Amino acid sequence: MKRVALIVAILIAGAAWNGPAVLAFCGFYCAKADTKLFNKASQVVLVRQGDRTVLTMASDFKGDPKEFAVVIPVPTVLQKGQIHIGEKALLDHLDAYSAPRLVEYFDEDPCRQYAMERMAPMAAAGGVAGGVADSAARRAQSLGVKIEAQYTVGEYDILILSAQQSSGLETWLRESGYRIPAGAGDVLTSYIRQNLKFFVARVNLKEQAKLGFTMLRPIQVAYESPKFMLPIRLGMVNADGPQELFVYALTSKGRVETTNYRTVKLPTGMELPVYVKSRFPDFYKAMFSRAATKENMSAIFTEYAWDMNWCDPCAADPLTNQELRQLGVFWLPDSGSGGRLGPRIPLPVPSGGQGVFVTRLHVRYDAAHFPEDLVFQETADRTNFQGRYVLRHAWTGDSTCDAAVRYRAELTQRREREAQTLAMLTGWNIADIRRSMNVSAPPDPAAWWQRIWK
Amino acid sequence: MVRSTLTLFRPITRDPRHYQIVTLASLLAYGILGLDFEIGAGRAAAILSTALLTQYICTRVWRLPSFDPRSALISGLSLCLLLRTNYVGLAIVAAVVAVSSKFLIKVNGKHLFNPTNIAIVALMAATGSVWVSPGQWGNVAFFAFLMACLGGLVVNRASRSDVTYAFIVFYMALVFGRSIWLGEPLTIPLHRLENGALLLFTFFMISDPRTTPNSRMGRIVFACLVACGAWYIQFRLFRTNGALWSLAICSFTVPLIDWLLPAERYEWGQYKSAAHSAPHFRLKAEATKA
């Protein structure tokens, strides 16, 4: 049985006919502006059960909407109903829920033992982009490009193209205002030979003004294909450095991993100096960079893998069934009331999300280390995992019981251990860390011979 | 000096099955300690002891002359390297299925499936609670592993390595051919072939002499079938672990291939004096003759 496959990759082409286009194929989308934490970060939600996939794509683009477009290879001509424009808030919520987290413990008077727990959430990436494209059917035909369908969905004008040769498609895209970088032709060729169509979207400024959105919202597509993968090759054609991609896989069976690259768990569970609380984003970035380097820049990191029914500790409330359905979790029962989210109610844990397992993957990729598209598999692994870092606040009381004396002696060693751990995880200078912690370096142990004739 | 070094390694070089055990055990240790394989020492011990116990029980039940743990150990180590599950019970079942399949599923006195292969495929198909993580090796591990496998071929000097060579040639031709046809850069097919699970399959699974056809031509045809099946599952059906599924399915064709291309059946005694033959195959055959 020959099934049609779907590949999704997004090119971003800058700016249209007249504009000073800053084009880049720098990822799933081109991100002109920096993200909150990572440059050129894209976020993708992959909802998958059986061969059915709902893909939500967002990047951190915050520039002029008319400057951007997306091009996505797809297996078939998508019908209008298979395309949807989602809410950025859903991705932000998913990001916050699954982000690496800090847990704080407060040491109690060692003469009375118990601990209190608090945690601080942290968010990672964000954004969305939109597109460009105008129909010039005759010109397209002469180039071997066929406009299969044309829709306006939300603030986007969408074209579904098929092509016979990459050169024709390249020419058509260029003539239509997309800056296709040199080298894209080869990648387009391989997708054309796999009989893929191209989903092209750009922002309809009139519709956008009518709808009143200032940010570009994520595009969602639903399709059925045995292929469980994300093409990243187009995005790397003219990238000027590594790019960040966050993939949130929502599945029913268990954890998702890549089958053609190593999937590695983020270092977790370490005790860190408490001053990290104010520098957590820096810590996260430095730790991720170091972990990626340690894996020769060739691995994908699992940052969170959890049954969406609950969390412990929660960086944010779990998503409700309604939110999950809006992200495309089609196997959840429809809870009825309307499409838009209701007001956020503090949810007791557990909340919605029964039968949904979330895997948050984070990859920093470039062409040298990621030659082929990402291929995934859903495993039966339901082991929960989270990137979690522990801050232990020292007890500062003045009790003088034996336990308190021992505690103070151990505290010095603990702080040194925390400093070493932080240096090891981030590569930061140990002297700087000690300075930030207000601790001094442990004295060098005396040489063995200094102790002989004392 | 050289002679004494050789003497030191003689137990390993004398019987390539020892080499296999050392290689697989080293890989497992590296996988657990260096690559964070999702298998702990306790799980590995459970799989290995179950495989050995099953071998012992089957040896008694089928009244084999002696208990030989080596074949079961290789099956157990391969399961530790490949099989992943949340349930220790399923890992134990896999070890029982692997070893007992050699005794239970036989056609014309020859067992039909490679033990590790049938255990993994059967449990994947029947339970949906086991999986194989083919991407978990990474490049560094791949090249170390490749060297170890090639070392194994040298040690074996095995006449039946033809099936391994043939599979490599056919599978590479298909993977490279598809990429060339699609106009993909060659880094893509190379990256696809740099896969630890594929190496384990090629050098430790499909090479099993008791489950491959008797004639050389038959083995080459068999390798071609397995390679085509693996490629089809991987690149046309877009499913994971194409080689494992393909080997299990193609194993059904072995009796037919043996019938069409008859040759002397592989027996322990027949290779005893053959200088070029693979001792580990002989031993394995003995252990699995049942």
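## Before you start

This is a predicted model, where local features need pLDDT of at least 70, side-chain atom pairs count only at pLDDT 80 or more, and totals for chains, interfaces and linings use all residues. Residues are numbered from 1 along each chain as its sequence is written, while chains are lettered from A and ligands numbered from 1 in the order in which they are written.

## A helix pair in chain B

Start with helix α3 (residues 41-61) and helix α4 (residues 70-82) of chain B, whose axes come within 9 Å and cross at roughly 150°. Axes here are lines fitted to C-alpha atoms, for helices over the stretch in contact, with angles from 0 to 180 degrees between N-to-C directions. Helices are DSSP runs (H or I, at least four residues), as are strands (E, at least two), numbered from the N terminus.

Who meets whom? On the α3(B) side, the residues include B:Leu48 and B:Leu52, and on the α4(B) side, B:Leu73 and B:Leu79 are among them. Contact takes C-beta atoms, placed from the backbone, within 7 Å.

## Where the chains touch

In all, 27 residues of chain B are in contact with 29 residues of chain A. On chain B's side, β4 (130-132), α7 (138-156), α8 (162-182) and α9 (187-193) each supply at least two residues. It's α9(B) that gives the most, with four residues.

Definitions and conventions. Two residues are in contact if their C-beta atoms, placed from the backbone, lie within 7 Å.
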